[in-house]
Amino acid sequence: MIREIRKSIKHERRHVRVDWMVALTLLILLIFSCIMVYSASMIGNKYGTFTSSVPVEASYFLKRQAAWAVLSYVAFLFFSVAIPHEFFKNKKLLQHGFWGMLILLVIPLLLPAINGARSWIRLGALSFQPSTLAQLFIIIYMAFILETRKVKLRQLCTSSELFSIFSIPLALIAVIALQNDTGMILITLSVIGIMTLCSNIHFKNIKKILTLAIIGVAFLIMYALTKASFSNGTSYRTNRLKVFLNPFSENLSAAADQVINSYIAFGNGGLVGRGLGNSIQKLGYLPEAHTDFILAIIAEELGLIGVLFVIALLGLLIGKVIFAGTKSKNTFSAMYALGFASLLIVQAVVNIGGVTASIPMTGVPLPFISNGGSSLLILSVGLGIATNVLSHVKYLREQK
């Protein structure tokens with residue numbers, strides 16, 4: 001099978017069909033990310049604002065982000081050109097990948113919680129969030145299932161049959177849920193739901209899957225909102241829900257600082273912003289200025305124009321990936337591309353919604369912009385695989 005794939009890749013010459021618009025857009029986003037991470041953190045670093053009160057050099061996060069950006073772009077090019085997307089459609093590879101992912105996801109459960117969640121593995125100065133890799137693996141596995149079991153799924157299945165078919169993604173989701181990372185689990189479930197809706201399976205099977213998912217999500221939301229409204233609990237998650245319900249409550253002054261100062265940042269920015277490097281809210285007012293709330297700093301320094309610039313670049317990438325999914329003649333390729341596009345969409349919407357307090361904060365980074373090595377690298381790998389699909393689509397269109 002691998003020999004046939006290599007022969008096909010050589011014949012199609014996918015390396016000369018890599019979409020230059022995707023490659024250029026990602027490069028611009030990564031460069032812009034480094035600029036904004038540096039701008040958001042350079043002053044706070046001198047006072048240890050983002051490093052547990054330990055002063056570091058102004059370029060501390062810039063150097064780290066630049067290193068990850070270079071590695072991420074190399075990974076993007078590698079998976080775009082050298083690794084055919086058909087390579088991941090391998091049952092044995094996916095089985096080994098499942099056990100590897102399971103081990104990686106269990107390790108954080110044995111470590112101390114960070115911001116209420118046990119989802120990080122720290123090795124000295126380096127940190128890694130296995131659930132971000134699990135998201136990409138789940139998308140690949142879902143694409144594999146929706147192709148290899150498509151004949152079965154086009155027929156009416158019992159609930160037990162559906163559970164058996166989707167058991168591996170469900171097992172990984174269950175472990176992610178144990179990590180207490182609400183944002184990650186909701187994004188992953190949303191991606192699976194979108195992929196299911198986009199697949200050509202029996203309508204009643206879709207109805208069963210979505211009904212169970214909606215009931216589960218609705219139950220969790222109602223439980224969380226009820227706890228936030230009527231409980232005096234001070235848990236991290238409860239405080240975030242209370243902040244969403246009323247960020248200006250006197251009892252939540254510390255927990256609501258991020259949201260209120262994000263409001264101020266957007267208000268200060270206006271249309272064109274205060275100018276690059278001139279943000280006020282990054283001076284210790286926004287605790288996560290270079291990560292989850294970097295869009296607020298972009299809004300303050302570059303204004304609405306800067307925010308729209310970022311959204312336009314992300315929209316261009318998403319549009320290209322969706323195009324690859326809708327034009328692909330192969331179920332695996334189509335489902336992967338649409339799944340990865342949905343991941344970018346949902347993650348961006350959740351981050352923007354949290355920064356603007358349109359939804360509760362979930363600690364989700366803005367794709368390709370926020371400081372963070374593991375997210376940047378894994379999303380770049382995912383985009384590389386999607387770009388390889390796009391190269392294959394280009395070849396098919398040229399043969400017509």
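Predicted model: local features only at pLDDT ≥ 70, side-chain atom pairs only at ≥ 80, totals over all residues.

Residues are numbered from 1 along each chain as its sequence is written, and side-chain values use heavy atoms, with hydrogens and water left out.

**Overall build.** The chain has 15 helices and 2 strands; these are DSSP runs numbered from the N terminus (helices H or I, at least four residues; strands E, at least two). Of its 400 residues, 49% count as buried, where buried means under 20% relative accessible area, exposed over 50%, and partly exposed in between (1.4 Å probe, protein chains only).

**The core.** The largest nonpolar core takes in 102 residues, and Phe166, Tyr336, Phe340, Phe368 and Leu383 have the most contacts inside it. Helix α13 (residues 294-327) supplies the largest share of this core, 14 residues. A core here is a set of buried Ala, Val, Leu, Ile, Met, Phe, Trp, Tyr and Cys residues joined through side-chain atoms within 4.5 Å. Leaving aside neighbours within four places in sequence, Phe166 is in contact (heavy atoms within 4.5 Å) with Met142, Ile145, Leu146, Leu153 and Ile209.

Helix α5 runs over residues 130-148. Of its 19 residues, 17 are buried, so α5 is largely enclosed by the rest of the structure.

**Salt bridges.** The structure holds 5 of them, each being a side-chain nitrogen of Lys or Arg within 4 Å of a carboxyl oxygen of Asp or Glu. Here are some, with their N to O distances:

| Glutamate | Lysine | Distance |
|---|---|---|
| Glu57 | Lys63 | 3.1 Å |
| Glu161 | Lys152 | 3.2 Å |
| Glu301 | Lys282 | 3.1 Å |

Which parts does the pair of Glu301 and Lys282 tie together? Glu301 lies in helix α13 and Lys282 in the loop between α12 and α13, so the pair links parts 19 residues apart in sequence. Glu301 is buried, with a relative accessible area of 0%, and Lys282 is also buried at 0%. Glu57, on the other hand, is partly exposed at 42%, and Lys63 is partly exposed at 48%.

Leu276 is found in the loop between α12 (257-269) and α13, and Leu276 is exposed, with a relative accessible area of 52%.

Methods
Expected span 1.5 Å × (residues − 1).
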